[in-house]
Amino acid sequence: MYRKLSAPLVVQWEVTEKCNYNCIHCYNYWCHDPNRNSFEGSIECLWGKIVDEIICNKIFHVVITGGEPLLVWDKLLPYIKKLILNRVSVSINSNVSLLTEDMAKTIKNLGITSMLVSLPCVFNDINDKITNVKESATKTINGIKILLHNKIPFSVNMVVTKINKDYIIDSAKELKKYGVKTFAATKSATPFNSEGFIKYRLSNAEFKQMLYDLLYIKKSLNLKISSLEAYALCSFNDKELYQIFKTRHCTAGKIICSIGYNGLIRPCSHSSTSYGDISLGISSSWDNMSKWRSNELLPKKCNGCNKKYVCGGGCKVEAEVQTGKLNEPDPYANFSFDFDDNIISSEQKDIDITSNYILSDKVRWRIESFGVILFVSVQQWSIITFDFYNILMNNKVINIEVISEKLSLGVEDALIVLNILARKKIIRRY
C-alpha cells in the first residue's frame with residue numbers, strides 16, 4: 001500500500017519517562033509496573049547511540065518528547081546540538097512549566113523549530129484534576145509567557161477528555177489574550193492497560209463537538225487550529241469538518257516512528273509494541289514494521305471506501321485498545337458518511353506564471369531507491385523522480401517553461417507541479 005522508505009522522515013524521541021505532571025490521559029498514569037522507571041546502563045551511551053543512528057539514517061526531523069524533556073534539559077543539550085549541527089531539525093513537546101528564561105534563550109539560539117505546549121485547560125481547578133498537580137495551569141501559562149517573550153514559535157495543544165471538553169473555547173479565548181496564535185484540541189487516545197479510563201473517554205458526539213469548537217475558534221477568534229491525531233475520515237460525518245481535518249491520517253511505520261526512553265522502537269508514541277532496539281539500529285526495526293505499510297492492517301469494513309488508502313481506517317492503536325486487533329476500524333469511524341469528491345476544494349494557486357523560482361536553501365534531500373525526498377518540514381516535503389531532481393539541481397532558475405519543456409508537460413500541468421513545490425516551500429521566488 002505504501003512505498004517503504006529507507007528510514008523514517010521523522011522520529012519522536014522520548015528522552016525520559018519521568019514527568020512533573022501525572023496526567024490521566026498519559027500511559028504512565030495507568031501503568032502499575034514498579035519497574036517501568038528502571039533503565040540499566042548509561043543514559044549518555046544510549047542517547048549517543050540514538051543520535052548517531054538518527055544522523056546515520058539521514059532522518060530529517062526529531063521531536064523531543066517524554067515524559068517531560070525539560071527535566072533532563074542540561075544533560076540533553078549536547079545531543080540536541082549534535083543533531084542540529086548535522087542538519088537534523090528539532091522540535092520539543094513540553095508542558096513548559098519548568099521553562100526558564102535561560103532555557104528559552106538557548107532554545108532560540110539553537111534554532112529549535114517549534115515547541116508544542118500541552119495544556120489541558122487554562123483554569124487551574126480543571127487542569128489540576130487532569131495533571132494531579134496544584135496550580136498546574138498557572139505554571140504552564142507562565143512558561144507560555146516566556147516563549148512569547150523570547151519569540152519562540154509554538155502552539156498549544158489541549159488533550160480532550162470528558163473532564164475538559166466543555167472548556168475548549170474558553171481556553172482558546174484566554175490564550176488569545178496572552179498572544180497565542182495557534183491552538184489545537186486533540187481527542188485523548190485511550191492508553192493501554194487502562195480499564196478505568198473509559199469514564200474519561202469522549203463519546204462520538206463529544207468528539208464531533210470538539211471539532212465544531214475548533215471550527216468556531218478558527219472563524220470567531222481567528223486562531224490557527226489543528227487536531228493532532230489520526231482520525232478516520234468518515235468520523236467527521238460533516239463536509240466542512242472533513243475539508244479542514246482531512247489531512248490527519250496515520251503515518252506510523254510509514255514516515256515516522258518512536259524511540260522510547262529505554263531504546264525500544266515503536267511505530268508511534270501510542271503503540272505499546274516494540275519492533276526492535278536501538279542497539280540493533282533503526283533500520284532493522286523499520287524493516288520489522290512492514291505490516292504498517294501494507295494492506296494487512298486495512299479493516300475489511302473499509303474495503304468499499306474510495307478513501308481507504310488515504311485514511312487507512314483511522315488510528316490503529318485506538319482500534320487495538322478497543323478491540324484487541326490492529327486491523328479493526330477506528331472506534332470513531334462512521335460508515336454512513338458519504339464522501340463527495342466534488343467538495344474537495346481546488347488548491348490555492350501560489351505561483352506567478354511569469355516569475356522565476358529557485359530551490360529553497362531550507363530544502364534537505366535523501367536519495368531513495370525509487371526517487372528523491374525533498375524535505376523542508378514535517379508538513380512540507382515531497383517525493384520526486386530522479387529526472388525531476390536532476391532538473392532542479394541543474395537549472396539555475398525554475399519556471400513554467402523549464403518544467404514544461406524538461407518534463408514534456410502542458411502549461412497547466414507544469415503550473416500544478418510548480419504550485420505544489422511552492423506551497424511546500426521547496427521553491428521560492430528568485
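Where does S408 lie? Select S408 to start, and you will find it in the loop between α14 and α15 (411–423), where helices (H or I, at least four residues) and strands (E, at least two) are DSSP runs, numbered from the N terminus.

Before going further, note that this is a predicted model, in which local features need pLDDT of at least 70 and side-chain atom pairs count only at pLDDT 80 or more, while totals for chains, interfaces and linings use all residues. Residues are numbered from 1 along each chain as its sequence is written, and side-chain values use heavy atoms, with hydrogens and water left out.

Most residues other than glycine have a negative phi, and most peptide bonds are trans. S408 has a positive phi of about 55° although it is not a glycine, and with a relative accessible area of 65% S408 is exposed (exposed means over 50% relative accessible area, buried under 20%, and partly exposed in between, with a 1.4 Å probe and protein chains only).

Select N222 next, in the loop between α8 (204–220) and β7 (224–226); N222 is not a glycine either, yet has a positive phi of about 60°, and its relative accessible area of 66% makes N222 exposed. A further stop of this kind is N132, which sits just after α5 and takes a positive phi of about 60°.

Then move to G66 and G67, which are joined by a cis peptide bond with omega near 10°; G67 is found in the loop between β2 (61–65) and α3.

Two packed helices are described by the angle between their axes and the distance between the axes. Show helix α2 (residues 43–56) together with helix α3 (residues 73–85): their axes come within 10 Å and cross at roughly 15°, the axes being lines fitted to C-alpha atoms, for helices over the stretch in contact, with angles that run from 0 to 180 degrees between N-to-C directions. The two helices α2 and α3 are therefore roughly parallel to each other (angles under 35 degrees count as roughly parallel, over 145 as roughly antiparallel, 65 to 115 as roughly perpendicular and the rest as oblique).

To see what makes the contact (heavy atoms within 4.5 Å), select E44, W47, G48, V51, D52, I54 and I55 on α2, and K75, L76, Y79, K82 and L83 on α3.

**Salt bridges**

Side chains of opposite charge can pair when their charged atoms come close. The structure holds 11 salt bridges, each a side-chain nitrogen of Lys or Arg within 4 Å of a carboxyl oxygen of Asp or Glu.

Select D287 and K4, whose side chains meet in one of these salt bridges (3.0 Å, N to O). D287 lies in helix α10 (residues 282–288) and K4 in the segment before β1 (10–14), so this pair ties together parts that are 283 residues apart in sequence.

K82 lies in helix α3 and D52 in helix α2, so the pair ties together parts that are 30 residues apart in sequence. K82 is partly exposed at 36% relative accessible area, and D52 is partly exposed at 37%.

**Buried places**

Which residues of helix α5 (residues 124–131) are buried? They are I126, N127, D128, I130 and T131, and what covers them includes α6 (136–149).

Finish at I400, in helix α14 (residues 400–406), which is buried with a relative accessible area of 6%. Leaving aside its neighbours within four places in sequence, I400 is in contact with I353, V411, A414, L415 and L418. I400 and T354 are 46 residues apart in sequence and 7.8 Å apart in space, C-alpha to C-alpha.
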